[in-house]
Amino acid sequence: MINFEAIKAVAGEFAGAVPFDHVVVDNFFLADAAAALEAEFPATDDSHIWHRYDNPIELKQVCNNWNLFPKTTYQAFSQLNSPEFCKQLGEMLGLEQLFSDPGLNGGGWHAHGKGGKLNAHLDYSIHPKLGLQRKLNIIVYLNSRWQPEWGGQLGFWSAKQEGHGPDKLMKSVDPVFNRAVIFDTTQKSWHGLPAPLECPEGERRQSLAVYYLRPAPAGTDPRGKALFAPASGQEGNREIEELIRMRADESTASKVYS
């Protein structure tokens, strides 16, 4: 299902990319597989399928329930989480000891509709159940009707030299159909889409997300939840700051998820 030649063609661009190691892979899945994966993406907002995040720093829907994945989607996640793929991916990108997360903690199907957004953030550092460090993300876009004027670009920011948080937007990646973005999450990797989407009602920015882990080096940040930054216009807002603090703390995150 995976177009390994497409990955190999650009893998050399990964290490040393700005503002953190990453690569953009077009035609990530073979054409027939990509079409089938898009067709299987749920067209409904059924709460039995989706978990909804609805708060001032994130508005999106996610599903990581394997029992709800149709055949092709199930097969795709199985391949992406296989030891064989982890080994091949690591070899192509020059990374060692990559492990998958078959539980898809934070991964799976992601969808953003009209007004959807995701403030710039750092992903969780340590997997809350496996104790491994999150090292790598793969996000694959599955929306062939998406128009550039609707927004939805994935932004990559540099990190502030003093203090904490994102600094300058260094790169924007359009959510082109069957495009994958692969990036290192351990290099102060601030990313997100904080501008609300301007797509019509009924259209969605759809993606498939898989995360990869490694043994945590000494001194790794123990944080088990994502750490967000205020979007433009939210700076200095004490309610937003408290929401961000609670969202990043495993003991309080469940109180502010929606």
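1. In sorting residues by class, Ala, Val, Leu, Ile, Met, Phe, Trp, Tyr, Cys and Pro count as nonpolar, Asp, Glu, Lys and Arg as charged, and the others, Gly among them, as polar. On that basis the lining of the largest pocket divides into 16 nonpolar, 13 polar and seven charged residues. Please keep in mind that this is a predicted model, in which local features need pLDDT of at least 70 and side-chain atom pairs count only at pLDDT 80 or more, while totals for chains, interfaces and linings use all residues. Residues are numbered from 1 along each chain as its sequence is written, and side-chain values use heavy atoms, with hydrogens and water left out.

2. The largest pocket has a volume of about 640 Å³, and of the 36 residues that line this pocket, Tyr53, Lys60, Gly106, Gly107 and His110 are the closest to its centre. A pocket here is an open set of points on a 1 Å grid over the protein atoms alone, where a 1.4 Å probe fits, with protein on both sides within 12 Å along at least five of seven lines; lining residues have an atom within 4 Å of a point. The volume is the space filled by probe spheres set on the points, which are joined across faces, edges and corners. Among the elements that each supply at least two residues of this lining are strand 2 (51–55), strand 3 (58–63), strand 5 (108–112) and strand 12 (205–214). Strands (E, at least two residues) and helices (H or I, at least four) are DSSP runs numbered from the N terminus.

3. The second largest pocket has a volume of about 440 Å³ and is lined by 23 residues, of which Asp45, Gly113, Gly202, Glu203 and Arg204 lie nearest its centre. By class, this lining has eight nonpolar, six polar and nine charged residues, and the largest share of the lining, three residues, comes from strand 3.

4. Which residues of helix 2 (31–40) are buried? They are Ala33, Ala34, Leu37, Glu38 and Glu40, where buried means under 20% relative accessible area, exposed over 50%, and partly exposed in between (1.4 Å probe, protein chains only). These residues lie on the same side of helix 2 because they cover an arc of only 165 degrees around the axis, the arc being that of the directions from the helix axis to the C-beta atoms. The face turned away from the buried side of helix 2 carries the exposed residues Ala31, Asp32 and Ala39. The buried residues of helix 2 pack against helix 3 (71–80), strand 5 and strand 12.

5. A nonpolar core is a set of buried Ala, Val, Leu, Ile, Met, Phe, Trp, Tyr and Cys residues joined through side-chain atoms within 4.5 Å. The largest such core has 41 residues, and Phe28, Phe29 and Tyr212 have the most contacts inside it; its largest share, five residues, comes from helix 4 (83–93). A second, separate core of 22 residues includes Leu193, Leu197, Cys199 and Ile244. Leaving aside neighbours within four places in sequence, the residues in contact with phenylalanine 29 include Met1, Ala34, Leu37, Val140 and Leu208, contact meaning heavy atoms within 4.5 Å.

6. Some backbone angles deserve a look, since most residues other than glycine have a negative phi, and most peptide bonds are trans. A cis peptide bond, with omega about 10 degrees, joins valine 18 and proline 19, and proline 19 is found in the loop between helix 1 (4–10) and strand 1 (22–25). Glutamine 97, in the loop between helix 4 and strand 4 (99–100), has a positive phi near 55 degrees and is exposed, with a relative accessible area of 53%. Leucine 104 has a positive phi of about 50 degrees and sits in the loop between strand 4 and strand 5, but leucine 104 is buried, at a relative accessible area of 3%.

7. Asparagine 81 lies in the loop between helix 3 and helix 4 and counts as buried at 9% relative accessibility. Not counting residues up to four places away in sequence, asparagine 81 touches Trp66, Ser100, Asp101, Pro102, Leu104 and Val210.
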